[in-house]
Amino acid sequence: MSQPPAFAIADAEPIRAQAREWIAWLASGAADEAGLGEFERWLQRPGHRRAFERERQLWRSLGPRPAAQGSAATLRPRAGRRGRWRPALAAAAVLVLALASPEAWLRLRADHRSAHAAETVALPDGSRAVLDADSAIAIQYDRDQRRVELLRGRVWFEVAADPARRFAVVAGDGVIEDISTAFAVADDAGRIETAVSQGRVRVAAAADGGWTYLDAGQRAAYGQGRGVARLNDVPADGIGGWRQGELLLDDAAVDVAVRELARYRAGPILVRGDLRALPRVSAALRIGRPEQALDALAASAGLSVTRLPFGVAIVQPIPTPAPAPSSVR
């Protein structure tokens, strides 16, 4: 009988400990070019890439959410410290991950992320997920389940039939299960909204636990500590309109419209002044041309746009002219 590689037995745990150290360092946001080069060389060694992926998956399924931003540790594994079993350091790595920035947390958990445009992902069962810009998902498939976690943004799903494994999307404190359908799920600052394009889904939130069934054209939302609430119905063929490169605004608050459009720009949009007092807007914007879309939104909402280097845009309400003083006779 052939013997397994030496690293599989003698060095497996030290390698896993090193992998956890690298995860902690990557999650800290302190990664630099020199360190990344060292990390790449570490990955090339026998058994290291497999150990890293295993620890990443394990951490992703068990790791805590970050409690605060801005306190991440920045320890990079040092060559002289590797190869020794250090349970205390491994535990420290978990704490580091718990304190890592939300962006680092997302980077390590996500299997698929989109940048400033929609992206289509073919799932292992033949289902399809279309990620809107600035969105992320994690996938967990096995012989008993098909589970997708929405980590950020919004995703439209077209689900392949599989009677033996229900298709579930975990978002916030709830879950959306497919029955036979295509549907969209969006996370807007913790408010989870589901809209059905075809077929039927059921939605449950931790706050109430019961199922709410939705058919084509129906919507529902829940949030942290709140149960599922039905929303007004919408045309089923208009759900997930961003997949066709169009951002539909229907009587939307201007601050919400600006935030929606910002996800399609490479640079940030900074807001000066209070946009909430402006009249609500309705528009269809081409998100493939975000600068033109921003100008169109500004023209309809009464905003001025100032563009700065590195893609920064500042928007603010256009001051209303003071009324002319009445003449005195």
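This is a predicted model: local features need pLDDT of at least 70, side-chain atom pairs count only at pLDDT 80 or more; totals for chains, interfaces and linings use all residues.
Q: Why are α7 and α8 called roughly antiparallel to each other?
A: The axes of helix α7 (residues 254-262) and helix α8 (residues 290-301) cross at roughly 175°. Angles over 145 degrees meet the definition, and α7 and α8 are therefore roughly antiparallel. Their axes come within 11 Å. In general, two packed helices are described by the angle between their axes and the distance between the axes.

Q: Which residues of α7 and α8 meet, and how are they classed?
A: From α7, the residues are Val254, Ala257, Val258 and Leu261, and they meet Pro290, Ala293, Leu294, Leu297 and Ala301 of α8. By class, this contact has nine nonpolar residues, with no polar and no charged ones. Ala, Val, Leu and Pro are among the residues that count as nonpolar.

Q: What makes β15 and β17 edge strands?
A: Three strands form an open sheet with mixed pairing, in the order β15-β18-β17. β15 (269-271) and β17 (303-307) each have a single partner strand, so one side of each is left without a neighbour in the sheet. On average, neighbouring strands of this sheet are turned by 25° against each other, direction ignored.

Q: How do you know that β17 and β18 pair?
A: Two strands pair if there are at least two bridges between them. β17 and strand β18 (residues 313-317) are joined over five bridges, in the antiparallel sense. One of the pairs can be named: leucine 303 has proline 317 in β18 as its bridge partner.

Q: Why is strand β12 described as mostly covered?
A: A residue is buried when its relative accessible area is under 20%. In β12 (residues 219-223), five of its five residues are buried. In a regular strand the side chains alternate between the two faces of the sheet. Both faces of β12 are covered, with Arg219, Ala221 and Gly223 on one side and Ala220 and Tyr222 on the other.

Q: How do you know that β12 pairs with β9 and with β13?
A: At least two bridges are needed for a pair. Four bridges join strand β9 (residues 191-198) to β12, and these strands run antiparallel. Isoleucine 192 has tyrosine 222 in β12 as its bridge partner, and alanine 195 stands opposite arginine 219 in β12. Four bridges also join β12 to strand β13 (residues 226-231), again in an antiparallel arrangement. There, alanine 229 in β13 is the bridge partner of alanine 221.

Q: Which hairpins involve β12 and β9, and what is found in their turns?
A: β12 and β13 form a hairpin with two residues between them, and glycine 225 in the turn has a positive phi of about 80°. β8 and β9 also form a hairpin with two residues between them, where alanine 189 in the turn has a positive phi of about 55°. β8 and β9 pair in the antiparallel sense over seven bridges, and valine 185 has threonine 194 in β9 as its bridge partner. β9 is mostly covered, with six of its eight residues buried.

Q: Why is threonine 181 called buried?
A: The relative accessible area of threonine 181 is 7%, and the cut-off for buried is under 20%; threonine 181 is therefore buried. Threonine 181 has its place in the loop between β7 (174-178) and β8 (182-188).

Q: What makes the approach of threonine 181 to arginine 200 a polar contact?
A: A polar atom of the side chain of threonine 181 lies 3.5 Å from the backbone nitrogen of arginine 200, and the limit for a polar contact is within 3.5 Å. Beyond its neighbours within four places in sequence, threonine 181 is in contact with several residues, including Phe157, Val196 and Arg200.

Q: Is arginine 109 buried or exposed, and how do you know?
A: Arginine 109 has 6% relative accessibility and so counts as buried, given the cut-off of under 20%. Arginine 109 is found in helix α6 (residues 102-109).

Definitions and conventions:
Residues are numbered from 1 along each chain as its sequence is written. Side-chain values use heavy atoms; hydrogens and water are left out. Buried means under 20% relative accessible area, exposed over 50%, partly exposed in between (1.4 Å probe, protein chains only). A polar contact is a pair of N or O atoms within 3.5 Å; within protein, one must be able to donate a hydrogen and the other to accept it, and residues adjacent in sequence count only if both atoms are side-chain atoms. Contact means heavy atoms within 4.5 Å. Axes are lines fitted to C-alpha atoms, for helices over the stretch in contact, and angles run from 0 to 180 degrees between N-to-C directions. Angles under 35 degrees count as roughly parallel, over 145 as roughly antiparallel, 65 to 115 as roughly perpendicular and the rest as oblique.
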